[in-house]
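My entries follow the order in which I looked.

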Amino acid sequence: MELTSLLPSPKSLFMNQTWCRKESLEPPITTPPTISEILETSRAQKLDLRLQTVGPFFRVTAKSLETNNELGKAEGIIRVWFGGRILHLDSIRLNKETLGMEKSIFGIGLFIGAVAIRYGYDCGCKKAELLAINDSELYHKKLVKFYRRIGFKVVHEVSGSRLGDIGHMLVWGGVGTRMDALIDELLLKWCTRFKPLKSDA
């Protein structure tokens, strides 16, 4: 899986709880954000997110509501496997325009990924999988760090030096770090990020 722009580290650490808590004394949120909620919060960030599907294939695109330029996209497929359906993320790409949006790059990638993850959830997927492509050592480390912060875990290093790597390389088209995540955990971990703020009125 590739990401075509450098991603800065977010300012805050992510919570380890299996649910999201608000800063107030309100009860913890235990329901994942819906597609509508993700789209509503993205519009507040001047983003227009679109989901397109053709059979098992999907694409999520993000455009700027201010310039109407495409900022990034994610592509993948819903795979049917022995253990059930899997969300297979082929790529998440951010365009050069986002290089001048240092405070928003992480948010843009997160919003694009959220739509893809929620789509997988709605399709009955329990797990999401990706490959953090290893094109260069420095970039690869940043990529793995980014996905770890989102909530993915390393399951296998695909170096191409082992016989067992052949299958991974045929599926992903390269070497890198295979990473998985449970979809419901991802959605609940980030629920407060995508739940619209309640009005005080």
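The model is predicted, so local features need pLDDT of at least 70 and side-chain atom pairs 80 or more, while totals for chains, interfaces and linings use all residues. Residues are numbered from 1 along each chain, and side-chain values use heavy atoms, without hydrogens and water.

I noted that 15 residues line the largest cavity, with Leu110, Gly113, Ala114, Ile117 and Ile150 nearest its centre; a lining residue has an atom within 4 Å of a point. H2 gives the most to this lining, with 5 residues; helices (H or I, at least four residues) and strands (E, at least two) are DSSP runs, numbered from the N terminus.

I then turned to the largest nonpolar core, where Leu87, Tyr147 and Phe152 touch the most other members among 44 residues. Such a core joins buried Ala, Val, Leu, Ile, Met, Phe, Trp, Tyr and Cys through side-chain atoms within 4.5 Å, buried meaning under 20% relative accessible area with a 1.4 Å probe, protein chains only.

Last, I checked H1 (residues 35–44), in which Glu37, Ile38, Thr41 and Ser42 are buried. These four lie on the same side of H1 because they cover an arc of only 135 degrees around the axis, taken from the directions from the helix axis to the C-beta atoms.

Definitions and conventions. Buried means under 20% relative accessible area, exposed over 50%, partly exposed in between (1.4 Å probe, protein chains only). On a 1 Å grid over the protein atoms alone, a cavity is a set of points where a 1.4 Å probe fits but cannot get out, and a pocket is an open set with protein on both sides within 12 Å along at least five of seven lines; lining residues have an atom within 4 Å of a point.
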